[in-house]
Amino acid sequence: MTYAFSPHAIPSIPVAGSDLRFPVHRIHCIGRNYADHAAEMGASVDRAQPMFFMKPADAIVIDDGDVPYPSMTQELHHEVEMTVALARGGRDIPVAHALEHVYAYGIGLDLTRRDLQSIAKKRGHPWDTAKGFDHSAPVSALRRVGDIGHPPGSARLTLDVNGERRQATELSQMIFSVAEIIHELSKFYELESGDLIFTGTPAGVALLQHGDRFHAELEGVATLSGRIL
Ligand code: MN
C-alpha cells in the first residue's frame, strides 16, 4: 500500500519524567462543567445531559509555544481546564471503573472564538468553527497517574494573563467528575487509547489579545505557559 502523499505526523504531548510522548487520537471536551461558568454564560446545567464537543487532534500547541491569533474572530477567549489522557478505551465504561482508563493528567486552554460561538448558539448551528480551529488547544506536558496518583478535589486550577489572575477554582467544583465524564462520553463514542479530554472551565473566561502571555497551573500536576502572537 502506498499513500498518495506523505501522511501528517501523529500529534503528541510530552510525558513528564520520561522520554515518552502521548499520541493524541481525539480531543473530547465537556461544556458547562462548573456552575459559575455556566451562570456567566447565561446557561443552565443539566445533570442528565452533559454537553460534549470535539477539537481535532492537531489543534494542540505544546507548552511554551506561540499561539497564532486566529482568523475570523474579534473575540478570542481563554478557558483553562484540566486535561485527562486515556491509556485504555472502551464503550459503556462504568463510573466505578472509569479511572482505571486514565493514563495521565495535565492542563490546557480550550481557546474559543466567542463571537462565532454566540452566533452559533442563536442560530442552533454547530460549534466547530468556534471551538475546533487550528492551534485552539495549548496543552501542558502530562503527568502519569503512576507518578502522582489522581489529583485531589482540593487541587487549585488557575490562569494568569500578563501576570493578572483571570480564572481560579478547585477541582471539587466540577459538576461531572472525571469518572463521570469518561462514563458519559463512553455512551456516545467508543473511547480509545490516545483520547484526551478537556474537563470544563470555571468562571472568568475573557479576552486574549495579540502579545498576551498566559500561565496556567494545576496544583501538584502541571503548568502551561505561552503567548498569543
Ligand atoms: Mn471549555
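This report describes the metal site, the salt bridges, the aromatic contacts and selected backbone features of the structure.

The model is predicted: local features require pLDDT of at least 70 and side-chain atom pairs count only at pLDDT 80 or more, while totals for chains, interfaces and linings use all residues. Residues are numbered from 1 along each chain as its sequence is written, and side-chain values use heavy atoms, with hydrogens and water left out.

**Metal site**

The manganese ion has as protein donors Glu 79 (OE), Glu 81 (OE) and Asp 110 (OD), at 2.0 to 2.1 Å. Donors are N, O and S atoms within 2.8 Å of the metal (3.2 Å for Na, K and Ca), and because water is not among the atoms, sites may look incomplete. The sequence spacing of the donor residues is E-x1-E-x28-D. Glu 79 belongs to the loop between strand E7 (76–77) and strand E8 (80–86), and Asp 110 to the loop between strand E9 (102–109) and strand E10 (112–113), so the pair ties together parts that are 31 residues apart in sequence. Helices (H or I, at least four residues) and strands (E, at least two) are DSSP runs, numbered from the N terminus. Glu 79 is buried, with a relative accessible area of 4%, and Asp 110 is buried at 1%. Here buried means under 20% relative accessible area, exposed over 50%, and partly exposed in between (1.4 Å probe, protein chains only).

**Salt bridges**

Across the whole structure, 12 salt bridges are found; the criterion is a side-chain nitrogen of Lys or Arg within 4 Å of a carboxyl oxygen of Asp or Glu. Glu 79 and Asp 110 also take part in a network of salt bridges, in which they are linked with Lys 55, Arg 114 and Lys 131.

| Salt bridge | N to O distance |
|---|---|
| Glu 180 and Arg 47 | 3.4 Å |
| Asp 66 and Arg 227 | 3.1 Å |
| Glu 190 and Arg 91 | 3.0 Å |

The side chains of Asp 66 and Arg 227 meet in a salt bridge. Asp 66 lies in strand E6 (residues 65–67) and Arg 227 in strand E17 (residues 222–228), so this pair ties together parts that are 161 residues apart in sequence. Glu 190 forms its salt bridge with Arg 91. Glu 190 lies in the loop between H6 and strand E15 (195–198) and Arg 91 in the loop between E8 and H2, so the pair ties together parts that are 99 residues apart in sequence. Arg 91 is exposed, at 57% relative accessibility, whereas Glu 190 is partly exposed at 37%.

**Surroundings of Phe 176**

Phe 176 is found in the loop between strand E14 (164–170) and helix H6 (178–188) and counts as buried at 2% relative accessibility. Beyond its neighbours within four places in sequence, Phe 176 is in contact with residues including Ile 30, Asp 46, Arg 47 and Ile 181, where contact means heavy atoms within 4.5 Å. Arg 47 lies over the face of Phe 176, at 4.6 Å from the ring centre. A charge sits over a ring if NZ of Lys or CZ of Arg is within 6 Å of the ring centre and within 35 degrees of the ring normal. Arg 47 also meets Glu 180 in a salt bridge. Another charge over a ring is that of Lys 55, whose charged end is 5.8 Å from the centre of the ring of Phe 133.

**Aromatic pairs**

The structure holds three aromatic pairs. Rings of Phe, Tyr and Trp (its six-membered ring) pair if their centres lie within 6.5 Å; planes under 30 degrees apart count as stacked, over 60 as edge-to-face and the rest as tilted. The rings of Phe 22 and Tyr 103 have centres 6.0 Å apart and planes at 20°, so this pair is stacked. Phe 22 lies in strand E2 (residues 21–23) and Tyr 103 in strand E9, so the pair ties together parts that are 81 residues apart in sequence. Phe 52 and Phe 188 form an edge-to-face pair, 6.0 Å centre to centre with 70° between the planes.

**Backbone features**

Asp 92 has a positive phi of about 45° although it is not a glycine, and His 135, also not a glycine, has a positive phi of about 65°. Asp 92 is exposed, with a relative accessible area of 53%.
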